[in-house]
Amino acid sequence: MGRKRDIFWAALILLALWQVCALLLDSMALPQPWLVMVDLATKLTNGSLIDDLAVSSLRALAGIGLALAAAVPLGLLVGTEEQIGKRVSPFIYLLYPIPHVVLLPLIIILFGIGNFSKIFLIALIVFFQILVTTRDGARAIHRNYFHSMKTLGATKLQIYRHLVLPATLPKILTAMRISVGTSVAILFFVESFATTTGLGYIIMDSWGRADYVSLYTGISSMALLGFMLYMLLDRIEQHVCRWMSGR
Amino acid sequence: MIKVSSASLSFEHDGQFQNVLDDISFEIEAQDSCAIIGPSGCGKTSLLFLLAGILQPDSGTLAIAGNPRCGTILQNFGLFPWKTVAENIGLGLTLKNIDKDRIRRVVDQLIEEMELAGFGNHFPGQLSGGMQQRVALARALAVEPEILFMDEPLSSLDALTRERLQNLILDIIQKRKITTVLVTHSIEEAAFLGRKIIILSRSPAQILKVVDNPSAVSSEYRLSEQFFQQCIRLRELLKGEVNGQEA
């Protein structure tokens, strides 16, 4: 498959650039990639990194899942029902630009310092990205599709199921792709406090100990995690948006 | 029987009301075939939307005797690109929660009849314009309509495909004994498929003339002297309107 080859080459080029930079900089803060790759491979095979990777994956996935469950129905509704859209959109515009990360103290008071606070913060930030994209997607559906549904005698619920959701699905998947990047970035932030698991913790901990090889192993693992999530999304898209291929 | 009595319709555009239909009255007998023709932008589509129940008149009434089943073919964006040909054709039945086996039988038969064999699992985007319109026809026919509404179903097709589909529609009208209402901007199409031809004025549309065309809906008619005379007559009637628009 050509795509796998392309990814392989892209990874190789990035590693080569990293190597060049490491040699030029000659600093502890940027270890040579082969040291990091050996460390990564060792920790993956002996299992010491697997738990952290799994915990981080679950936090990211749970956050995105929670956001999806709330943002998609609301986005479809706000984008389709003109009257609701008019009333709700101002709230979205006012709340979206807030740096939601600053709500962390409040979230901790409400939900404690456990996993749920971390997941909730990821969900909160990603929620708005998915909401706005879903709403815009639903709003862009041509009126004639609705006319067509009406002439076929569709009920409101059927219109959502057979028209609004499938028409918006490609946009929702795009939003999820953006969300993956965002959620991994937030993951680092939420795993830098009150936890001893997860890739974010590994990075912070290695940083504190000035163990730069481990630090970059953590960073590489995060890249790997994001990459796996992207691949998962591609699979889902191939499955649910078959009609888009070849367009 | 379809009876329209002094129907008027206006749209709000940039805060101003624009009249689209102005005091329209006519009748179409059951099992008759009626063509509606007029200058482009005159409100033909709006009139069809009114008949098909997509729009409601601002004043006047629309009465369709006996609450018949209706099939509608819209000009653009009628087929759902995310549904396969078979799913599109069966959609009207799916929405009525009819059991899957029966839907499959109806769909298979229509696929055969509309010469779409082998394309049931294709998506509309993978088909030619002519094939897409045959899918649209099949979908409208799947609900076994007593009235068939068509909005410029053939306007985007090349001449040969157009003629082939006109013959197909002719076949449908002859075999199924249904009432058909066809909106078109093609004089030949109106003369070929409309036993009753309603000529609309330029916008806001009023009825300019109702022409009886009893020989229509037969394949021999297309090549007869009478057909050409009728086309010339229709052209003369329309010409005044189009010239007036340009002035």
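Modeller: A crossing is left-handed if the near helix is turned anticlockwise from the far one by less than a right angle, and right-handed if clockwise. Before we start, this is a predicted model, in which local features need pLDDT of at least 70, side-chain atom pairs count only at pLDDT 80 or more, and totals for chains, interfaces and linings use all residues. Residues are numbered from 1 along each chain as its sequence is written, with chains lettered from A and ligands numbered from 1 in the order in which they are written.

Biologist: Is the crossing in which α2(B) passes α3(B) left-handed or right-handed?

Modeller: Helices are DSSP runs (H or I, at least four residues), numbered from the N terminus. Here α2(B) passes α3(B) in a crossing that is right-handed.

Biologist: Which residues of α3(B) make the contact with α2(B)?

Modeller: Contact means that C-beta atoms, placed from the backbone, lie within 7 Å. From α2(B) come Ala86(B), Ile89(B), Gly90(B), Leu93(B) and Thr94(B). Their partners on α3(B) are Ile103(B), Val106(B), Val107(B), Leu110(B) and Ile111(B).

Biologist: Nice! Which element gives the most to the side of chain A that touches chain B?

Modeller: In total, 18 residues of chain A are in contact with 17 residues of chain B. With six residues, the one that gives the most is α7(A).

Biologist: How far apart do the C-alpha centres of domain 1 and domain 2 of chain B lie?

Modeller: The bounds, from an automatic or database domain assignment, are 2-68 + 151-246 for domain 1 of chain B and 80-145 for domain 2. Between their C-alpha centres lie 26 Å.

Notes. Helix = DSSP H or I, 4+ residues; strand = E, 2+ residues; numbered from the N terminus. Contact = placed C-beta atoms within 7 Å.
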